[in-house]
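Dear colleague,

I am passing on the structure we spoke about, together with some notes on what was found in it. Please read the notes with the structure open beside them.

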Amino acid sequence: MTYRLAPVDTTAFAAERGGGDLTVIGSVVQRSDARGHVTGRTEFFEDVAPPRLAHLKMHRSARHHARIAAVDLGEALAVPGVLRVLTHADVPNNLYTPLKLIGVGPDDEPILAVDKVRYLGEPICAVVAETEAAALEGAARVKVTYEDLPPVFDVEEALREGAPLVNEYHGQNHFIYEGHHCRRIRFGDVEAAFARADHVLEWRYQSAPIEQAPVETTGCVVIPQADGRLRIHSDTQACFFTLDNTALILETPFNKLRIVGGTVGGGFGGKVDVVVEPIACVAAMATDRPVKFVYDRAEEMQVSSPRAAERLYIKDAVMNDGKIIGRKITLYVDAGAYARHSPYGVTKAAAHLPGPYAIPNVWADCHCVFTNRTPSSAMRGFGVTIADFALESQMDQVARTLGMDPLQLRLLNAYRDGDVKAHRKVAEGTALVEVIQKAAEMSGHELPETYRRMSSTTREGL
Amino acid sequence: MAKLRGRGYASVNYPTGMNLGGDPSQALVHATTTGTFVISLSSVDLGQGIKTIAAQCAAETLGLPMENILVDTADTDTGPHCMGTFASRGTHRVGNAVIMAAAEARGVMLEVAAEELEVDAADLETDGTGYIAVKGAQDKRVHITDLALAAHFKHGRTISGRGIYLKEPSVPVPETGEMDPDSCQAHACTVAVVEVDDETGVVEVLELFNAYEIGRALNPAMATQQVEGGAWMGLSHALFETTEPYYPARDHGPRDFAGYLMPGPADLPVQHSLLLERPSANGPYGAKGIGEMTANAPIPAIANAIFDACGVRLTSMPFTPERVLRGLDALKTEETC
């Protein structure tokens, strides 16, 4: 067995590390799935091939924002091999939001579009057929007549008065947090900090949507059982979360469903949404046949929820010695047309601000904004990855402006044990100082003695 | 025409567990009569290795070899509840649940061994080889294979245990954002070395130095895979990826991997990684979650290295050749003014 192995440092936190008598923990053990993956023996959900398997494909919106004037299923139903064409009327509870399970509302998204589409690629009809080819042909032959509505694509435009309304279930183009228009952080007095700062530095940062790009696309195979239950083979990242959401949409008791999964070809957050199982279950019940619904690569890239595009404005109050005494952040997260997991991600982003630094005055407004694009949702580093791009670019720009060493600026401002974060939790177990010192050492970046002696557990050098 | 070299820095932290908590996971452990311990879960392995980590936590807690552990996941009919694999929660939540379940099973195992050996359970110890032995009297011992059989047929005992981990939910104060969002924080610092081609705008990442503080490296090889694989994703986010290249315009969205570019083997930098351990008080053997964060620090480190190399400050992701060239053009215009 050969493998890459990063060394474990034994000097930092030597007194706290301990663990000398452990026999398995801390040892290299081969990943239990490695051999199966590289020899092609691992079974994924698509390896389930029950007899009489039917296939489901979607007819999707060709518009960004439009009223649906008419849907004509005639030609689709005439395609040989097409078994059913499902519309919103076939879904017991057609309106949902996945975070309902942890008390987040309102329900804002149809399983199949009713009278309106809010993004390009939104599902309108589900075609169930004997073969994948027949399902694709049927989906292509559904005819939808649209009446176009003006779309809005930019987060700040969406928040302006008079912007087209994206989602009527919210009533305005942003999520409401307990009566507030955004998730807020209020810590200290940021305006007073700007007033007494030597420098006030502000920049804007922007990202674009990013695809999770798992090797295995999102999908499931639903198999009706003799006892009336449904067995769902799925590549979901969260079996019970998918089960519970699916049961609510089907209006069926939870114990009528069984999810079998656990071995997944990459998720990166893209398989936390519940987007294939509910309609595949409706199709399986309607036809009393096993049904497979799996995204093709184009659906995975353009319809499946990506990492949100984010826009951040960061304004810092900085002293000549490099201390950052205030940070004001305005964050806009582009949720797309529906909430999905974005209200959660925005709160997670707020909790992360102002980054791993002890800044005594922090103000943040974090907006979850609706636009006419594919709903964004969870992805690796949800709420944090793009914020880190902005925060750490900001730190570099601050250092450049002051003519300071970028690592010394960070060490000077790094949070340490006992610091109170902007969300008012006392920091413990911190180690930012030490990872900076080690990275400097590894890369040959020289730090003065006072900075090398700094520690997360003391105030030395401050 | 030149290839310009630069260095950039970024330091970050990352929370472990579902934001605000309220995300339980359970584990059930039972010994079959073969002396194999089955860990029943409904947790999902996306390729990150939760099955391996769950088995390591069980083996360590039970004091038995890895060969005696089977992980059975994920079937909602047979596995106890797990909130899911996300938010860098798997190792922390599931690891803790497995340790709690395995500790209960170990207690029964030692009680049965005490009956079998006619000693006090408090005098027994394990050494990870499969034997339960009397402390200081190593010849007085029983192997788990024999013990599990005896437990069932002779003593009428089930060797089993139940475990759960729950961080109780925190409710944010809407006015101030006061909240308790996380169980612990992991830390990282990345140094990126890049080369910018000022004729083509292409950025090549030559080297990445990554120092990660992760509580405890439960499996250092898998932790290395997380750090180095995540750095690849960060590099990919920084230089290549988006489903909307002209955001907020919706046009030109890629529909396959011919249009959605990612780094190939030739684009990979040399990686130097180091793991630091400051055990978390609430982590399984001190571990923190690092599944997500490893993509984060490389992105700003690369942005900052590009500035260091050629003076172009890119504040929009990704850092495509087009954006680099437009930035270089803008610098030239500034100079002539």
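The domain assignment of chain A divides it into domain 1, made of 54–148 and 213–302, and domain 2, made of 183–210 and 306–452. Please keep in mind throughout that this is a predicted model. The C-alpha centres of the two domains of chain A lie 38 Å apart, and the contact between them involves 17 residues of domain 1 and 16 residues of domain 2. On the domain 1 side of that contact, the residues divide into 6 nonpolar, 7 polar and 4 charged.

Turning to the sheet, chain A has an open sheet of 7 strands in the order S3-S7-S1-S14-S11-S12-S13, and the pairing within it is mixed. Its edges are formed by strand S3 (82–86) and strand S13 (257–260) of chain A, each of which pairs on one side only, while the twist from one strand to the next averages 25°. Helix H4 of chain A, residues 132–141, packs on this sheet and touches strand S1 (54–60), S3 and strand S7 (123–129) of chain A, with a direction that makes about 20° with that of S1(A). Elsewhere in chain A, helix H7 (residues 239–250) lies across S12 and S13, and runs at about 150° to S13(A).

Within the sheet, strand S11 (residues 219–224) and strand S12 (residues 230–234) of chain A run antiparallel and are joined by 5 bridges.

Helix H12 of chain A, residues 406–413, is mostly covered, with 6 of its 8 residues buried. The buried residues are Pro406(A), Leu407(A), Leu409(A), Arg410(A), Leu411(A) and Asn413(A). They pack against S16, helix H11 (385–402), helix H13 (432–443) and helix H14 (449–452) of chain A, and also against strand S1 (3–15) of chain B, so please display both chains when you inspect this helix.

Some backbone details also deserve a careful look. In chain A, the peptide bond from Leu353(A) to Pro354(A) is cis, with omega near 10°, and Pro354(A) sits in the loop between helix H10 (342–352) and strand S17 (362–370). In chain B, the peptide bond from Met317(B) to Pro318(B) is likewise cis, with omega near -10°, and Pro318(B) belongs to the loop between helix H5 (298–310) and helix H6 (321–336) of that chain.

Positive phi values occur at Glu178(A) and Arg340(A), neither of which is a glycine. Glu178(A) has a phi of about 45° and is placed in the loop between helix H5 (155–158) and strand S9 (183–187) of chain A. Phi of Arg340(A) is near 45°, and this residue is found in the loop between strand S16 (324–336) and H10 of chain A.

Are these two residues, Glu178(A) and Arg340(A), buried or exposed? Glu178(A) counts as exposed because it has 11 C-beta neighbours inside 10 Å, and the cut-off for exposed is 12 or fewer.

With best wishes

Notes. Residues are numbered from 1 along each chain as its sequence is written. Chains are lettered from A and ligands numbered from 1 in the order in which they are written. This is a predicted model: local features need pLDDT of at least 70, side-chain atom pairs count only at pLDDT 80 or more; totals for chains, interfaces and linings use all residues. Two strands pair if DSSP finds at least two bridges between them. Helices (H or I, at least four residues) and strands (E, at least two) are DSSP runs, numbered from the N terminus. Axes are lines fitted to C-alpha atoms, for helices over the stretch in contact, and angles run from 0 to 180 degrees between N-to-C directions. Two residues are in contact if their C-beta atoms, placed from the backbone, lie within 7 Å. A residue is buried if 20 or more other C-beta atoms lie within 10 Å of its own, exposed if 12 or fewer, and partly exposed in between; C-beta atoms are placed from the backbone. Domain bounds come from an automatic or database domain assignment. Ala, Val, Leu, Ile, Met, Phe, Trp, Tyr, Cys and Pro count as nonpolar, Asp, Glu, Lys and Arg as charged, and the others, Gly among them, as polar.
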